[in-house]
Structures are given as C-alpha cells and as structure tokens.
There are 4 protein chains.
Amino acid sequence: MIIVMKSHASESDIAHVVERVKALGLNPHPVYGVERTIIGVIGDERLIQKEQLSLLPHVEDVIPILKPYKLASREFRQENTIVHVAGVPVGGKGVIVIAGPCSVETEEQVLGTAEAVKAAGASLLRGGAYKPRTSPYAFQGLGEDGLKLLAKAREKTGLGIVTEVMEAAEVDLVADHADLLQVGARNMQNTKLLRALSKIKKPILLKRNFSATLNEFLMSAEYILSGGNDQVILCERGIRTFVEYTRNTLDLNIVPAVKQLSHLPIIVDPSHGTGRHDLIVPMSRAAIAAGADGLIVEVHPNPSEAYSDGEQSLTFSAFRELMSEVKCIATAMGRNIS
Amino acid sequence: MIIVMKSHASESDIAHVVERVKALGLNPHPVYGVERTIIGVIGDERLIQKEQLSLLPHVEDVIPILKPYKLASREFRQENTIVHVAGVPVGGKGVIVIAGPCSVETEEQVLGTAEAVKAAGASLLRGGAYKPRTSPYAFQGLGEDGLKLLAKAREKTGLGIVTEVMEAAEVDLVADHADLLQVGARNMQNTKLLRALSKIKKPILLKRNFSATLNEFLMSAEYILSGGNDQVILCERGIRTFVEYTRNTLDLNIVPAVKQLSHLPIIVDPSHGTGRHDLIVPMSRAAIAAGADGLIVEVHPNPSEAYSDGEQSLTFSAFRELMSEVKCIATAMGRNIS
Amino acid sequence: MIIVMKSHASESDIAHVVERVKALGLNPHPVYGVERTIIGVIGDERLIQKEQLSLLPHVEDVIPILKPYKLASREFRQENTIVHVAGVPVGGKGVIVIAGPCSVETEEQVLGTAEAVKAAGASLLRGGAYKPRTSPYAFQGLGEDGLKLLAKAREKTGLGIVTEVMEAAEVDLVADHADLLQVGARNMQNTKLLRALSKIKKPILLKRNFSATLNEFLMSAEYILSGGNDQVILCERGIRTFVEYTRNTLDLNIVPAVKQLSHLPIIVDPSHGTGRHDLIVPMSRAAIAAGADGLIVEVHPNPSEAYSDGEQSLTFSAFRELMSEVKCIATAMGRNIS
Amino acid sequence: MIIVMKSHASESDIAHVVERVKALGLNPHPVYGVERTIIGVIGDERLIQKEQLSLLPHVEDVIPILKPYKLASREFRQENTIVHVAGVPVGGKGVIVIAGPCSVETEEQVLGTAEAVKAAGASLLRGGAYKPRTSPYAFQGLGEDGLKLLAKAREKTGLGIVTEVMEAAEVDLVADHADLLQVGARNMQNTKLLRALSKIKKPILLKRNFSATLNEFLMSAEYILSGGNDQVILCERGIRTFVEYTRNTLDLNIVPAVKQLSHLPIIVDPSHGTGRHDLIVPMSRAAIAAGADGLIVEVHPNPSEAYSDGEQSLTFSAFRELMSEVKCIATAMGRNIS
C-alpha cells in the first residue's frame with residue numbers, strides 16, 4: 001500500500017500518518033520527494049480499510065499494491081486447477097463444449113436436444129430450470145420439474161448436467177440433480193448464494209456479471225474458494241458497453257488475462273456474449289484461439305419456438321457445424337475436444 | 001411491434017410472416033417499400049416472444065413499440081405516486097433526506113448518528129445490518145443484532161428505519177424491524193427477492209443496478225408492483241462507465257427521464273454515486289435541481305474509522321452543511337425538506 | 001512514481017531496476033515488503049516514459065503519482081481563472097448562458113435567434129458555420145458565409161460570437177470573426193488544431209470528447225496553455241455509456257471534480273449532453289447547482305425545421321422558461337446570470 | 001422509417017403527421033393499433049432529418065429502418081472488396097500482417113525493424129512519423145524526416161509502407177511517401193481529413209474510434225467512398241469500456257458483424273486493442289479465428305527504450321513467435337499469411 005501525501009503536507013502531517021500506520025500494525029517507509037512525500041507501507045494491507053488512511057488529513061491518495069484475492073491467484077497456486085464435472089476434466093488439455101437449451105421446456109425438447117448435442121460431440125448438457133428474467137411476465141422456468149427432466153436426459157445420454165441455481169435456499173435441491181451448478185451473471189455478487197455454494201461438494205460455474213471488473217470476478221470466486229469449495233470454473237459471457245450490434249460485448253481479452261492471474265479454468269458463452277446466433281460460430285472459434293478451456297452454447301430444436309433466448313440459440317445442424325469449426329481451431333492450438 | 005423484412009424478401013416470404021403473425025393472435029399490416037417491406041403488427045406484443053418472429057426466414061429485424069412495463073408507467077397512472085414511510089411522504093412536494101451510516105457497527109455509533117442526523121433535519125435513518133461486500137474477508141454486517149440497534153435508534157429519535165434486505169429468506173425478518181426495505185444495486189434483478197417483496201405491506205427502496213438500463217430498472221419495479229406491492233421508491237446510485245475520477249458515474253439524467261415515463265418517486269444516492277465525500281454536497285444540490293424527490297446519504301461519526309464506505313461518508317458537521325445547501329436549492333425549486 | 005516488483009524478484013533484480021532509475025536521473029528508494037518490494041522514485045516522472053521502467057525484468061507495475069498536467073492544475077494556479085469573452089467574464093461570480101442555433105442556416109434565422117436569446121438574457125451567441133457531421137450526406141455548414149452572418153448578428157445585438165473551428169488551417173479565418181473559438185468533442189485530441197489555437201490571442205471553448213477521461217480532457221487544455229494561450233474554458237457535453245434514454249450521458253460529476261483539480265472555468269452543454277429538448281431545463285438547473293460557470297444551449301426558431309440537432313433545440317419560449325428557471329438556481333447558489 | 005404516435009394522439013393529430021410526411025415527398029401508411037397508431041413511411045428516409053417528424057405534436061418516436069450508409073454496405077456490393085497495397089491484396093484469401101514500430105525514431109531502428117519483420121514474414125511495414133499524443137510534452141514524431149526513413153526502409157526491404165496522416169493539409173505529403181495512409185482512432189470523425197482522403201488514389205486504413213458504434217465507423221468509411229476513393233480497409237483497435245486490465249477492450253465481435261454488413265476488409269490491432277505485449281499473441285490468434293483479414297502489430301528492437309507505446313510492442317523474437325502462432329490459426333481457417 002502506498003500513501004501519497006498532498007504537496008503542501010507538513011512534516012508533522014506526515015508524522016501523524018506515520019504514527020497511524022504503525023498503530024494499525026503496519027510498517028511505514030516515507031520517501032520524501034520534491035513535489036510531495038509518499039509513504040510505502042509494509043504488511044498485509046488486506047487487513048485494514050483503505051479509508052483508515054485515505055481520510056487522514058493531507059493524504060491525497062492511497063494506492064493498494066496487493067491483489068485483493070489470494071486463493072484464486074496464480075501466486076497461491078502455480079499449476080492450472082482442473083475441475084472434474086461428471087468425469088469430464090475442465091481446465092486441462094481438452095476443450096469442453098457445454099450445450100443445450102436456454103430453458104427446459106418439455107421432455108421431448110430436453111431429451112431431443114441432449115441426444116443431438118451428444119451425437120455432435122458435446123461434453124455436458126446445459127438447461128435452465130430456474131430462470132432469472134428481466135420481465136415478471138416472461139416464462140420463469142419449470143423449477144423442480146425442470147431439474148427432473150434434466151436428470152432424465154442424463155440417464156439417457158450419460159451427459160453431465162449444468163443448471164443455474166438462483167438463491168441460497170435452493171442450493172441443496174439443485175445440487176441433488178446437477179453435476180455443475182451455475183451462478184448466473186446477475187447473481188455473481190449474491191454473497192449469500194456464493195457462501196452457500198462454498199459449503200457443497202459440487203463444482204460451480206461462475207458467470208461474470210456484465211459489469212464486473214476482473215478483480216470483482218475473482219473476488220466472487222474467492223468467496224467460494226474461501227468457504228472450502230475449490231471446484232470453480234469461470235465463464236465470460238459479455239459485458240455491457242455502448243456497443244449496439246451485439247446484445248453484450250463478448251470480452252475475450254479476459255481469457256488470457258485470467259490465465260495469467262489465476263489458476264482457475266475459464267470458458268466462454270458466445271450465446272449470451274453476442275446475443276446473435278449468426279455470431280456464435282466465429283466468436284466460438286475466437287474464444288478457443290484466445291485460450292479458453294471450453295464453450296457453453298445454447299441449442300434448441302426450433303429456436304423460433306423457444307420460450308427464451310431463441311435469437312441466440314443454434315439449431316441442431318448449426319451446432320454440428322460449430323463443433324466441426326471449433327475442432328479445427330482446437331487442433332491448431334494443440335488441444336482436443338474432450 | 002414492427003417487422004422489417006430483408007430487402008430481397010419475396011412476396012411469399014412476406015406472406016409466410018403475415019400468416020405467422022395471425023397464428024400468434026396479432027394483426028399484421030404490411031407496408032411495401034421501395035427498398036424493403038415492413039409489417040406493422042397490432043395487438044399486445046408483450047404476450048409473445050420477439051424470437052417467434054425475428055427468426056422467421058428473411059426477417060431482418062423486429063422492433064418493439066410498446067414499453068415492456070405497464071404498472072410502472074406514467075400511462076398506467078397519470079398522477080405521482082406518494083409512498084408513505086413511517087409517516088413521511090415520498091414523491092410529493094417535500095424533499096426527503098435519508099441519512100445514516102453505511103454499516104451498523106455499535107450502539108453508540110448508531111444512536112449517536114441517529115440523533116445527529118435528526119437534529120440536522122433528516123427525514124429517515126439508514127443503516128446496513130446485512131452487507132453485500134465485494135470481498136469475503138470484509139465486514140459482512142451485524143445481521144439481526146444490527147436490525148435491533150436500528151429499532152432502538154427509531155425508539156429514541158422517532159426516525160423511520162431504512163435497511164437492506166439481501167435474500168427472499170430474510171424478507172420477513174427485515175420487514176419486522178424496518179420501515180423501508182432497501183434492495184441493493186447488486187440485487188436489482190434478484191427476481192426471487194423481488195417477488196418476495198411484492199407480497200409484503202412495507203414500502204421498498206429499489207436501487208438501480210450499476211449497469212441497468214431505464215427499462216430494466218422499471219421492469220424490476222414492475223416485479224414488485226405486479227405482485228401486489230405498489231409502494232416502490234426508485235433510487236439512482238451511479239452507473240459503471242469508463243470514468244475514473246468517481247467510483248461510479250452518478251447519472252442524474254435518469255431523474256427527469258423517470259419523471260416522464262413513470263409515476264414512481266425517485267431519490268438519489270450521491271455517496272455511492274460518486275464514492276467521494278467531497279463531491280456529495282455539489283451532487284446533492286444537483287440532484288434536487290434535477291427534480292429528485294430526495295437523497296440518501298452516508299453519515300458517520302468518524303468516517304476514517306468506519307467499517308465500510310468511509311470515503312463516501314459525511315461527518316456530522318459536513319451533514320449539517322449539506323442540509324443547509326440542499327434547503328436553498330429545494331426552496332428555489334418551490335419545494336421544502338420534509 | 002512507484003515501481004512494484006514481482007513477488008519473486010531477487011535482490012539483484014531489484015538492484016538492476018535501482019540502477020536504471022538512477023541512470024534516468026531520478027532517485028530510487030526501495031521499500032522491502034513481506035510479499036514484494038516497491039521502489040519509490042523521486043524526481044519529475046513526467047520527463048521519462050513509463051515503459052522505460054515497466055518493461056524491465058521482474059517489474060510488475062509502475063504507478064505514476066504526479067498528475068500529467070501542470071499548467072491546467074489548481075496547484076499551478078490557486079485562484080480561479082476568469083476568461084473574458086467579448087467583455088463577458090467566464091469563471092467568476094456570474095453564470096453565463098451561451099445560446100443559439102446548432103447550424104447557421106439563413107440570415108433571418110440567425111438574426112432572429114440572436115435577438116430572441118439576447119432579449120431573454122443570454123450572454124453570448126453560438127452558431128455553427130463548419131459542422132462535423134456523422135454522415136457525408138448531411139448538411140456540413142455554410143462555412144465562411146456562416147461566419148459573416150454571425151458577425152452581422154453581433155453587430156445588431158452586441159452579443160459576442162461562439163463558433164466551432166475544425167482544423168488548424170481554418171484557425172485564422174475563424175479567429176477573425178469569432179470571440180470564442182470552440183473545439184468540438186470529436187476534435188478534443190486533434191493536436192494539430194490544439195497547437196494552432198495555442199498561438200492565437202482569442203479564448204477557446206474546449207469540449208470534452210465523449211470518451212475522454214478527466215486527465216485526457218485537462219491534457220488537451222494543457223496543449224493550449226503550454227503553447228501560450230491561457231484563455232481556455234472547459235465544456236462538459238455528455239459521455240458515451242450503455243445508457244439509451246439519452247443521446248449521451250451528461251456527466252455533471254466532472255464539474256466539481258474540475259473545480260478541485262483545475263483553475264479553469266467549466267460550462268455545461270445540456271443540449272448535446274442529453275440529446276433531448278425535454279431534459280434541457282432540469283439538467284441545466286442541475287448543472288448550475290453542481291457549480292458550473294455557465295451553459296451552452298441550442299435554440300432555434302423552429303426546431304422541427306432545423307438543418308441539424310432539432311431534437312435537442314429549444315424554441316424561443318422554451319428558452320425564456322429555461323432562463324427563468326436557471327436564474328432561480330443561480331440565485332440560490334449566490335450567483336447571478338452575467 | 002416508422003413514426004410512433006403517442007397513445008392519446010387524436011385522428012387529426014395523425015392526419016397532421018400524414019400530411020407532413022407527404023409534403024416531404026414520402027409515402028405514409030398509418031396502422032391503427034389498440035394502444036397507439038404507427039405510421040410506416042415509404043421512400044428514402046436518408047434524405048430528410050428525423051427531427052422534421054419527431055418534433056411534430058403527439059409523435060412519440062421515429063425509428064429509422066434503413067442503414068445510414070450505402071456504399072459501404074454489403075447490399076451495395078455483394079462480393080468482398082479486395083484492396084491492393086503495394087501489391088499485397090487485403091480482404092482476399094490471404095491474411096496480412098502489418099508490423100513495425102509505433103514511432104519512427106532513428107534510421108537504425110526503422111531499418112532494423114523492417115528487416116526483422118520482413119524476415120519473419122510480415123506483409124507491410126508500419127511506423128508513425130506524425131504522432132497524436134495525449135500529452136503536449138511527449139514525443140510528437142519526426143514528421144517528414146520520419147516519412148523519408150520509412151521510404152528508405154521500403155527501398156531496402158521491398159515492404160510497402162503504412163503511416164498515419166493527421167490533417168487534411170498533410171495528405172499530399174504523406175501520400176507521396178506511403179502505400180497505405182492510416183487515419184488514427186482520434187481522427188475517425190475528422191471529416192475534413194476524410195474528405196481530403198476521398199480525393200486521392202491511395203488506399204486508406206481507417207481505425208475505429210474508441211467509442212464509435214458500428215454505424216459511425218461505416219459512416220466514416222462512407223465519407224471516403226462517397227468522395228471517390230473505394231480503397232478502404234477497416235481496423236478494430238479496441239473500445240473504451242469500464243474494463244481496467246486492458247488499456248482498451250479489443251472488440252472482436254465487430255469482425256464478423258462487419259463481414260455481414262459490409263464488403264470492406266477489416267484487420268485488427270491487438271497492440272492498441274489491449275495495450276499489453278503479453279496479450280498480443282492470444283488476441284492475434286483470436287482475431288484471425290474471428291475472421292479478420294489481417295493484423296497490425298507494434299514491433300520494436302528494444303521496447304523499454306521506445307519513444308512511445310513500448311508496453312504494447314513486441315520484440316523481434318516475440319514477433320517471430322506471433323507469426324508462427326498466427327500461421328497455425330490461419331491454416332485452420334483455410335487461409336494463409338500473404
């Protein structure tokens with residue numbers, strides 16, 4: 001942590017800050033400059049509030065040096081974490097593809113989609129039973145019945161199940177049916193939910209909120225890790241910007257940035273990331289080329305009849321094309337579809 | 001709803017879309033242009049999914065015309081809604097000021113602050129018992145003990161209590177102690193929480209998520225209204241932009257925009273909106289001048305010792321100065337501090 | 001400037017950086033922490049490239065401490081700069097209102113508007129002779145003829161003239177006719193233009209680019225100041241964000257931020273800032289309440305016939321109402337319309 | 001164009017708008033809905049101002065249907081435009097790589113870099129002689145001397161030259177030396193410059209402004225095309241968002257979006273797009289996988305000594321690694337490095 005004093009700060013102002021730093025159990029090292037004095041602070045800055053120093057008289061700024069997260073950092077763990085979901089390793093050499101409908105609608109829809117994506121080479125099946133919708137008048141999901149249909153699809157196809165959990169009170173129920181529990185973008189900072197998920201023994205798919213910084217994203221992972229669950233997969237799904245030709249701006253830059261700063265796997269959701277079915281294939285290729293460990297893609301037997309997200313869903317044949325394109329890029333990257 | 005056909009769409013392509021619109025129970029009116037055909041659609045477009053039409057062959061775009069919200073709209077209700085919180089009317093001629101600490105920390109802190117803000121003319125007392133924090137290592141609030149301290153402060157000062165509720169499971173407990181239940185920015189689209197709040201008989205303070213559009217903001221209000229609770233106060237608290245000199249970008253433009261589109265009251269939070277105690281006074285004045293119905297401001301007996309948000313909290317004397325400045329502007333607006 | 005070393009940096013890595021700092025003519029002061037070492041650097045960091053240090057081996061980050069601007073800073077000049085435009089002081093106790101059409105269209109339009117805004121109390125007349133338009137097919141301004149019409153309006157009304165200059169080659173021509181030369185938002189970083197303007201003896205109105213940070217904005221002012229022209233007025237006119245209900249997001253937070261960091265006057269353009277005539281009045285009030293030194297507003301005799309920006313222009317009667325509202329707020333602020 | 005009437009608009013209000021549309025030479029087709037009436041308008045909406053209709057009484061909104069650009073659109077020209085730069089085709093099957101220093105500094109630096117990037121397989125040489133810098137105190141380029149050094153490098157290596165032109169007055173001079181004239185991001189809407197470039201016979205590299213929408217980007221291309229120069233290459237170089245781990249947010253989504261809407265080639269600048277040399281390789285791979293026609297990358301013999309942009313420049317060996325990685329992806333895409 002570095003304390004920047006105002007240019008007019010007197011010696012006694014500086015002495016006061018130095019004393020305060022010591023009282024907080026940290027070691028101050030003032031550096032007297034020509035225009036202003038800065039004070040280097042040694043010790044674990046995460047244990048104090050920045051305000052305890054920034055609001056002292058004649059302090060201009062306090063600059064943290066340490067990353068706010070620990071367990072999620074590459075420094076804490078050098079090698080890549082590999083998360084196993086229903087036998088599928090995520091974060092290793094293989095590239096995974098999670099596919100399925102936005103919402104679970106009917107048995108026929110789920111089973112049909114499961115079989116189609118399995119045949120095309122998908123690694124896991126996604127489907128929403130609980131749906132966070134912008135409108136109270138929109139379809140909100142089948143709830144527990146949806147979970148049961150997903151479980152039935154797993155029985156038939158052997159594909160592990162990925163589904164969203166929306167509140168702490170539902171964690172146990174969802175964990176009973178799912179192999180990978182998804183935290184949606186809107187819930188990335190639902191700390192009650194994150195804490196509940198930190199206590200279970202199932203892997204978590206943590207989606208980035210559409211206005212989350214990298215620090216905030218990794219701090220949400222830190223909630224889960226610090227509670228005892230180290231099976232976290234990150235997921236980029238688009239951020240909110242001024243851009244209007246995509247529903248969100250898929251931010252692939254975060255993929256190599258996460259690879260440098262963290263040991264956790266990261267996958268990409270080009271369906272939500274672009275909101276346009278016609279951009280899913282190129283952005284999926286780009287995601288793998290940027291170094292992502294996998295994709296999560298919406299697939300529907302008949303997108304124009306989907307209860308939700310039809311505009312960003314692939315048909316079965318479009319999904320087969322996607323798999324073929326993605327395989328070429330994965331191969332060029334020295335990886336394979338697992 | 002307007003359907004824009006691609007420029008090369010044939011007559012039979014158009015006929016197919018027209019049939020589909022009819023099958024959905026709506027009335028199509030094609031307008032044949034030189035470059036392309038558009039189809040005006042009569043009927044309540046909120047009842048169908050946009051994708052049911054946008055994914056039909058040779059459709060280029062589907063443009064909704066109706067606002068997605070109904071109950072929150074000025075068209076549904078012409079006159080301003082006035083929400084009564086512990087006897088204080090919000091949304092009428094008076095301008096309210098909610099003040100208090102970010103977090104409830106100790107009895108002395110809460111009672112001291114309550115008395116100070118009451119003496120300075122505050123309308124209601126705020127304080128957080130449940131705190132959604134970015135870091136799992138930061139203070140997470142006193143929980144129920146915090147609620148009890150707030151209730152004690154109400155007894156002593158007569159000020160109504162405003163506090164945050166973070167999940168559906170805690171709504172009843174918080175409603176037992178609070179006069180106005182706050183939905184934090186991170187929970188603006190926690191639909192489980194919104195639904196639970198729609199079933200109680202207490203007013204709700206709905207904070208705008210830092211990346212919410214106006215439509216999304218009003219749709220979250222619609223969740224509460226549509227469940228039967230019509231006592232909703234909106235709150236602008238800053239959006240996330242590229243700007244770096246404020247923690248968030250306080251977006252005062254939404255105040256007159258909400259006044260045009262909705263009948264609900266709207267207040268402004270300059271503490272979170274700027275993240276800087278030294279910008280609170282000018283931005284509070286500006287908020288009132290823009291037409292806001294009130295302010296919610298963080299006040300702490302000793303901001304540099306605050307457990308949270310010290311950098312954006314006012315001291316008691318700074319709060320008294322704020323009240324004096326705000327009164328001048330309210331008067332110029334033909335309003336008073338209520 | 002502070003250099004943050006990587007956690008694994010050895011003593012010799014640190015020594016290497018220390019030597020390099022010395023070679024650049026600055027004084028290094030290492031502070032050896034538990035997790036990592038930081039090196040405080042004394043001297044004028046503006047004279048070196050950040051990369052000269054950040055790319056050295058085992059350096060994690062280099063953090064500048066000094067503001068990049070000097071002449072524009074409050075530290076360089078404590079008292080407010082007052083810029084005189086055709087006898088009107090800007091940045092003093094008075095609040096100024098610049099008003100007029102977006103584009104100069106006809107003699108009748110300019111003279112009519114000039115007289116109307118003068119009668120309503122405007123301080124200066126604005127009007128565009130050179131128009132930077134998004135579309136090559138849109139009206140690009142009358143050019144020199146437009147300048148002459150503006151000069152004629154000055155003769156008739158006595159109002160000083162504010163108009164945009166778009167390139168270095170036109171500076172002299174525009175300076176011959178105008179009292180205040182405007183740099184448009186798109187040209188805020190047109191360094192050739194800024195340098196040319198730094199050499200003339202007329203005041204400059206520098207509009208913030210819609211994605212400029214505060215540092216970038218003040219650095220553009222620094223271009224003009226450092227070339228010898230100290231007559232610069234800043235202008236906030238809205239930034240680009242995800243928000244859709246306004247054309248831009250008028251960022252009033254920059255007004256008090258500039259007042260702290262700089263001695264230059266700042267005015268606000270609610271016409272471009274919101275893009276909506278129906279938001280101009282409330283946002284103008286808010287701008288003055290935030291501490292702005294004035295407004296620049298588009299006024300047109302018949303906005304629906306305007307060649308440009310009609311949606312954000314006021315009619316004559318709406319402008320009179322604006323003046324009356326703004327006066328109330330200015331009075332409450334202890335200021336007057338000058 | 002579609003006109004949406006307010007819900008309370010009377011028949012005579014609608015009739016008034018209908019008359020006005022006819023007077024403007026367009027054909028109105030009202031569609032009478034339950035909640036509100038909309039009026040479809042037939043004819044070339046680009047010829048009128050939106051305000052001519054949106055400001056009529058009881059009009060709620062006017063929605064354009066046609067794209068604002070014509071010559072840049074895929075509808076105007078179905079097949080891809082291939083731009084030839086010093087014999088190198090851009091926009092065809094080959095993927096091009098433009099490489100070189102941010103600024104031309106010395107003869108040794110330019111010639112050395114030119115030879116190194118040529119040996120590694122680069123298609124063209126970049127280098128800045130005129131530099132638009134945020135700070136007036138930073139290196140502003142060698143000007144004409146820089147152009148001459150670039151020309152010398154072309155003589156020696158045979159590589160075509162890409163360099164920036166900053167104002168209309170310099171177009172002829174730069175065109176005398178360069179093979180591809182670059183319009184920098186800050187100048188994307190410098191309409192004087194765009195018009196001057198539309199009159200020359202050299203190809204133009206048009207960089208996207210960091211807050212430009214796709215429509216604005218293509219409209220800037222339209223300026224050049226409409227003046228008679230059809231040799232335009234687009235370049236994505238990062239947009240400004242709230243994200244802090246990259247200098248800009250490289251928006252690869254625009255690559256497939258441009259491919260759908262326009263016939264113009266598009267390349268990607270991962271140096272400016274990320275601002276970090278350690279993200280250039282993954283994001284270059286991703287750019288090619290997204291469908292980009294090429295890359296423009298900063299290379300410097302010794303980045304920590306660079307006069308500008310050192311943090312985002314590759315060393316010679318890093319550039320060789322980039323070429324090898326990019327070739328793999330290009331091959332997987334069925335393309336080659338040309």
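Domain bounds here come from an automatic or database domain assignment. On that basis, chain A of this predicted model is divided into two parts: domain 1 covers residues 2-63, and domain 2 covers residues 83-337. The centres of these two domains of chain A, taken over C-alpha atoms, are separated by 45 Å.

Turning to the pairing of chains, chain D and chain A touch through 33 residues of chain D and 33 residues of chain A. On the side of chain D that touches chain A, the elements that give two or more residues are α8 (254-261), α10 (280-290) and α11 (316-332) of chain D. Of these, α10(D) gives the most, with 6 residues. By class, this side of chain D has 19 nonpolar residues, alongside 10 polar and 4 charged ones.

The relation between the two copies can be described next. Chain D is superposed on chain A by a rotation of 180 degrees, with 0.0 Å of shift along the rotation axis and an RMSD of 0.0 Å. The two copies are thus related as by a two-fold rotation axis. Within chain D, the C-alpha nearest that axis belongs to D:Ala286, at 2.0 Å from it. The residue number of D:Ala286 falls within the 280-290 range of α10 of chain D, the helix that gives the most residues to the side touching chain A.

The contact surfaces themselves tell a matching story. Of the interface residues of chain D, 100% are also interface residues in chain A, so the copies meet through the same surface.

Terms used. Residues are numbered from 1 along each chain as its sequence is written. Chains are lettered from A and ligands numbered from 1 in the order in which they are written. This is a predicted model: local features need pLDDT of at least 70, side-chain atom pairs count only at pLDDT 80 or more; totals for chains, interfaces and linings use all residues. Two residues are in contact if their C-beta atoms, placed from the backbone, lie within 7 Å. Helices (H or I, at least four residues) and strands (E, at least two) are DSSP runs, numbered from the N terminus. Ala, Val, Leu, Ile, Met, Phe, Trp, Tyr, Cys and Pro count as nonpolar, Asp, Glu, Lys and Arg as charged, and the others, Gly among them, as polar. Copies are superposed by least squares on the C-alpha atoms of residues with pLDDT of at least 70 in both.
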